Amino acid sequence: MTFLSYLISGISLGSVYAIIALGYTMVYGISKMLNFAHGDVIMVGAYVCFFATFRWNLPPVAGVLLAMVLCTILGVVIERLAYKPLRSAASLAVLITAIGVSYFLQNAAQLLWTSNPKVFTSVVGNGSVKLFGGQLSISVIAIVTIAACIIIMIALTWFTGMTKMGKAMRACSEDKGAAQLMGISVNFTISVTFAIGSALAAIAGVLLCSAYPTLMPTTGSMPGIKAFTAAVFGGIGSIPGAMIGGILLGLIEIFGKAYISTQLSDAIVFAVLIIVLLVKPTGLLGKQVHEKV
Amino acid sequence: MKRISKTAHSNLYTYGFVIIAYAVLMLITATGGISSSLKGQLVPICAYVVMAVSLNLTVGVLGELSLGHAGFMSVGAFTGVVACISLEALIPLAPLRMAISMVIGALCAGMAGALIGIPVLRLRGDYLAIVTLAFGEIIKNIINCLYVGTDSRGLHISFLTNSDALNLGEDGRVIIDGPMGISGITKISTFTTGIILILVTLFIVLNLVNSRSGRAIMALRDNRIAAESVGIPVTKYKMMAFVISAALAGAAGTLYAMNYSTIIATKFNFNTSILILVFVVLGGLGNVLGSIIAAAVLTVIPELLREFDDYRMLVYAIVLILVMIATNNAVFKSMLRRVLGKIRPSITKDVKEGP
């Protein structure tokens, strides 16, 4: 029974990582940049939801929607102001800019909302479902998180595979020049990708803080790094890869904590990552790119 | 012939710059013209300069992105301090003990570099970056669970327990106390030690870059497959650059740790790695003097902005973004070149297009 409950909390934590990793991987796929500010968008989303529901007493659903809308705007604005001027620059320059944006968001959050931790109350309450005569208890938030992750996964697969915009996205990530010649607006497509990624980050922020209720300006950075790891784990640029990577990472973290050592859980996660990359150098589902001279 | 003398010239400029900066700062310190908070920053600046120059070897010269340079600094800091405390009775002379500790720190960090160098040889680009990031986090995590003590019988090491498990004798002393890190360090780092370390680092890095090996490493950066096809052994040269870079970071770590009475593993986290990467990128990839200036200026500026307290990091972030856009945006760059070209036509000739 304890194994089962660890399994469920692992999948639940992994689902949060997967939702964040989707944002990383989509942005990477289309603009080949590591968006280090993504973790801080999570934090902004969680703060917006916190103020909406606990200060202004809006219903939780409205809070989540408001967080999604504001994060979407934030993501698009960041892309337009900071990343768009560097579209043709070296990837390292874009990386440093992303780090600058990350510093900016963290420090702006500290000024606006102070560094005192806020206690985030779960948007779905603290209830739990009892199974097997009370032996196994699953918190509602875990169920909601896993469900949200599955819905997002299905929706994204449909979106990228079936819709016109999704096809444009895949075209842009394959060859921007050719996509433009086919009449696709590359700038608009990239903006939409950032918008979707940021909206997912808002959802992830709310889910993360519902499960782990301390909210600080630095809340987003560690899950951000972990999700980035998850995206690489699954093969960066691949949407199913991000999903699998996220859930595996969550499972390794929870099982590592439960059966090996609490203190070493991060080291275990990262060690597994290194071993996986040694065996499969482009991640689990990554494409092997052949180099030509 | 002319080309060789040109590199020798620019190398001399770099050494001269460091020595003059040292002389000027010593003079200002002697006359008391420097605030105490800035004076306390002198050794960390030296450590950051060494970190930036050594990271430049990996990122600028070898062309591989590393996000875990602070991990090597951490290895060097902890092994160096342990060595220094254990040798306290054996070598009473502080500068000598400091030098030996730095060598030990550098050796241990170099070994860690060789260890992480193995995956480096298989991975490329962002996958390599994530492995270095992971490595930095693993080091942080392991040192957090490490307990080391010393007594008359020698060193005692224990993992994942607590300081009681060390079984120290009567005269024992706990050196690394898990998450509490090392406390009670005798501060024997001085500005002079720092400058000497910078000069040694410059000597190693500049000589490497201008040697046959250095040219091989740069050939790997510019085109790996072409370099391989003319017989350059990829493994050997990548490993060489990586291990040297790690060892220098280790020495910098020892220098840095010896400047504080307490040091904890979480100090050397992802943010520290990023900070040093920012120095390297702003200083210019492959440009050693640029790294030195960027590391010094960017460490001092937040200190000078102390009075704006809350806003200083916000300003820092905005300046960072603006500088990156200004130096990398094609439109802005050509505009800048036109303006500069009107004043001094020679500048436009010197500007080379990046790859």
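Visitor: What is the bridge partner of Val148(B) in strand 3 of chain B?
Guide: The partner is Ile176(B). This is a predicted model, in which local features need pLDDT of at least 70, side-chain atom pairs count only at pLDDT 80 or more, and totals for chains, interfaces and linings use all residues. Residues are numbered from 1 along each chain as its sequence is written, chains are lettered from A and ligands numbered from 1 in the order in which they are written, and side-chain values use heavy atoms, with hydrogens and water left out.

Visitor: What makes strand 1 and strand 3 of chain B a pair?
Guide: Strands, which are DSSP runs of E with at least two residues, as helices are runs of H or I with at least four, all numbered from the N terminus, pair if DSSP finds at least two bridges between them. Strand 1 (residues 146-151) and strand 3 of chain B have four bridges, in the antiparallel sense, so they meet that definition.

Visitor: Why are strand 2 and strand 3 of chain B called edge strands?
Guide: The open sheet has the order 2-1-3, and strand 2 (154-159) and strand 3 (173-177) of chain B each pair on one side only.

Visitor: Why is helix 8 of chain A called largely enclosed?
Guide: Buried means under 20% relative accessible area, exposed over 50% and partly exposed in between, with a 1.4 Å probe and protein chains only. Because 23 of the 26 residues of helix 8 of chain A are buried, the rest of the structure largely encloses this helix.

Visitor: How do you know that the length of helix 8 of chain A agrees with expectation?
Guide: The expected span is 1.5 Å times one less than the number of residues; for the 26 residues of helix 8 (residues 186-211) of chain A this should be 38 Å, and the end C-alpha atoms are 38 Å apart, which agrees.
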